[in-house]
Amino acid sequence: MAAQQGEFAPTSIIVTGGAGFIGSNFVHWVVENQPGVHVTVLDALTYAGNMANLDGIPADRMTFVHGDICDAELLDRVVPGHDAIIHFAAESHNDNSIADPAPFVRTNVEGTFQLLEACRRYDVRFHHISTDEVYGDLALDDPARFTESTPYHPSSPYSSTKASSDMLVRAWVRTYGLRATISNCSNNYGPRQHVEKFIPRQITNILCGIRPKLYGDGRNVRDWIHTEDHSRAVWDILTRGRIGETYLIGAYGERSNIDVLRAILQRMGKDPDDFDWVRDRPGHDRRYAIDPSKLMRELGWRPVHTDFSEGLDATIAWYRDNEGWWRGAKRATEERYARQGQ
Ligand code: NAD
Ligand code: DAU
């Protein structure tokens, strides 16, 4: 689609964390939908990064840089000449942040700081990918949803580092006039999500003959969105969002964990009670819920993947068809969970 007058129309972008789950889905989306855009992926290939996530991207559309966002000298070599950085790279898993918060502070806070400084040095547009978890949680019986003006109240080491990075972005906009935007999205699902996360963990447990594991009382609510809808929202904000603004991304997808687990069990031909209750996550947020009306009103964004059952079936099929992609990570992940009693 051609850019409208007044729109930001980048031709050369850096995607940090582009070998991870959401970052790689965004790279595929840009390559398929924005033919004039070249993507540089900057990724450290931690346990969560996987080059196979970028399979199928034509060589003339993407350059891969293996490196750390905390490395200021590397950023001096990579950033000049690009129009924008879309910053997905992070340590992203709450349970890991509880077991060992140090890499979260380093990558999520220090890494974001280094990227902001590089954008300032080279006058590059910045879009920061954040999470609804910065707002803390809502009660199950509270009709409210998070909005852009909800006060920050993060609960976990992960969400507090994401909240810190959001604050850095806001300060760089106000103090240095950096051209930046922030989006805070709810729980993503879809292909290529690491098997440590809830939906892929349960699907691959069933495929391996392991009983799914549910934390606490299973009534915690997450607000699910398909990762492709997230990608399109990020592009809309990057190109048409107002500088300095925050946009919440969500698709009215609230579901309790036990309902999601039972849907997976049923769709995979299992008994709905065929799972184990396990130790709860310390500080476990009760409910997330996004009000996406600003994004819809200002930018006209709408989710396309509105049928959760259909999205779940496609996700189950993806894990069935791509066992080679997850088999190695599965063993290491389940060993780690077993040590934590989960
Ligand atoms: P992920 O863990 O699947 O991928 C993270 C990627 O970042 C990996 O490729 C990893 O190698 C890379 N990375 C980590 N540390 C790095 C470093 N120091 N330098 C360079 N690369 C590094 O994460 P995800 O689930 O795809 O999440 C992506 C972003 O979206 C994160 O910022 C996360 O906070 C945010 N987010 C995630 C969700 C969700 O549901 N997963 C929802 C809202 C927001
Ligand atoms: O809300 C956005 C956030 O969603 C992102 O910022 C995070 O990066 C992303 O990991 C995700 O965080 P959650 O903690 O909500 O996702 P997770 O997949 O770890 O867990 C989803 C819910 O399922 C949560 O209530 C914990 C529960 N759970 C998780 C696992 C792994 C279980 O009951 N059993 C499990 O085995």
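F275 counts as buried because its relative accessibility is 5% (buried means under 20% relative accessible area, exposed over 50% and partly exposed in between, with a 1.4 Å probe and protein chains only). The model is predicted, so local features need pLDDT of at least 70 and side-chain atom pairs count only at pLDDT 80 or more, while totals for chains, interfaces and linings use all residues. Residues are numbered from 1 along each chain as its sequence is written, chains are lettered from A and ligands numbered from 1 in the order in which they are written, and side-chain values use heavy atoms, without hydrogens and water.

Twelve aromatic pairs are found in the structure (rings of Phe, Tyr and Trp, the last by its six-membered ring, pair if their centres lie within 6.5 Å; planes under 30 degrees apart count as stacked, over 60 as edge-to-face and the rest as tilted). F275 and W277 form an edge-to-face pair because their planes stand at 70°, with the ring centres 5.1 Å apart; W277 itself is partly exposed, at a relative accessible area of 49%. W318 and Y319 also pair edge-to-face, with 4.9 Å from centre to centre and 80° between the planes, and here W318 is buried at 17% relative accessibility, as is Y319 at 0%. Elsewhere, F113, W172 and Y176 are linked by ring pairs into a cluster.

E148 lies in the loop between β5 (125–131) and α5 (157–176), where helices (H or I, at least four residues) and strands (E, at least two) are DSSP runs numbered from the N terminus. Leaving aside neighbours within four places in sequence, E148 is in contact with Y135, T246, Y247, L248 and K294 (contact means heavy atoms within 4.5 Å). A polar atom of the E148 side chain lies 2.9 Å from the backbone nitrogen of L248.

Key. Polar contact = N/O pair within 3.5 Å; in protein donor to acceptor, adjacent residues only side chain to side chain.
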